[in-house]
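Please read these remarks beside the sequence and the coordinates. They are set out as numbered points, in the manner of a colleague's note.

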Amino acid sequence: MFTGRTNRPCCLCDDPETVTRIAIPPRAVTLMRNADPIAWRDIVGDVTLQFCASDWRLVSELVLELGTHPLSRCNVARADFSLREDFEAYLNTTRDEPDQPEQERRLLEDATDVIANADDPMVERRDLVEAYVVVRALDELDERDGPHEQVAGEDAGRH
């Protein structure tokens, strides 16, 4: 069974020749175009976005020089992610719900570590772009929805 990432076209222009990819948390798909029908809470693992060479230059400039992120211009249909229901149908078994808050915490910790070490020669431009996209997307989502509002409300009744 193949469990790796598939090649997807550029999430901005649909060019099949991509040069780089970044990972974002599942909740961030709600910031993308055409995301309404996606059950983001059932996404297992990270969401991967791929970019062609010309769009990668644009994304890098947007993120590193203009202080924004490209997610509102990315088409979620071109993103790579796995839904829990797909695993269940394929394996004919039930999976536990993904732990979205823990996944977001992990991605955010990794991103802030990359940003804190931006001067390290081992930190590449791609790493910085990914880190800033994760941080800015989660900040925007927390301003809009409140941090982990959808999960926190569900967990509140369990204590």
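The points below go from the basis of the model to the chain as a whole, and then to single elements and pairs.

1. Basis. This is a predicted model, in which local features need pLDDT of at least 70 and side-chain atom pairs count only at pLDDT 80 or more, while totals for chains, interfaces and linings use all residues. Residues are numbered from 1 along each chain as its sequence is written, and side-chain values use heavy atoms, with hydrogens and water left out.

2. Overall make-up. The protein chain has five helices and three strands, in the order β-β-α-β-α-α-α-α from the N terminus; helices (H or I, at least four residues) and strands (E, at least two) are DSSP runs, numbered from the N terminus. Of its 159 residues, 43% count as buried, where buried means under 20% relative accessible area, exposed over 50% and partly exposed in between, with a 1.4 Å probe and protein chains only. The accessible surface comes to about 9,100 Å², and 46% of that belongs to carbon and sulfur atoms; these areas come from the Shrake-Rupley method with a 1.4 Å probe.

3. Contacts along the chain. Contact is taken as heavy atoms within 4.5 Å. Among contacts between residues at least 6 apart in sequence, 78% join residues at least 24 apart.

4. Helix H1. This helix covers residues 53-64, and its 12 residues reach 16 Å from the first C-alpha to the last, close to the 16 Å expected at 1.5 Å a residue; the expected span is 1.5 Å times one less than the number of residues. Asp55, Trp56, Val59, Ser60, Leu62 and Val63 are its buried residues. Seen down the axis of H1, they fall within an arc of 165 degrees, so they line one face of the helix; the arc is that of the directions from the helix axis to the C-beta atoms. Their cover includes strand E1 (20-24), strand E2 (43-51) and helix H4 (125-145).

5. Val19 sits in the segment before E1 and is exposed, at 54% relative accessible area, yet, leaving aside neighbours within four places in sequence, Val19 is in contact with Phe51, Cys52, Ala53 and Trp56. The structure holds one aromatic pair. In this pair the ring centres of Phe51 and Trp56 are 5.7 Å apart and the planes stand at 45 degrees, so the pair is tilted; the rings of Phe, Tyr and Trp (its six-membered ring) pair if their centres lie within 6.5 Å, with planes under 30 degrees apart counted as stacked, over 60 as edge-to-face and the rest as tilted. Phe51 is buried at 0% relative accessibility, and Trp56 is buried at 12%.

6. Eight salt bridges are found in the whole structure, each being a side-chain nitrogen of Lys or Arg within 4 Å of a carboxyl oxygen of Asp or Glu. One of them joins Arg27 to Glu104, with the closest N and O atoms 2.8 Å apart. Arg27 lies in the loop between E1 and E2 and Glu104 in helix H3 (residues 100-116), so the pair ties together parts that are 77 residues apart in sequence.

7. Glu102 is partly exposed at 39%, as is Arg105 at 41%.
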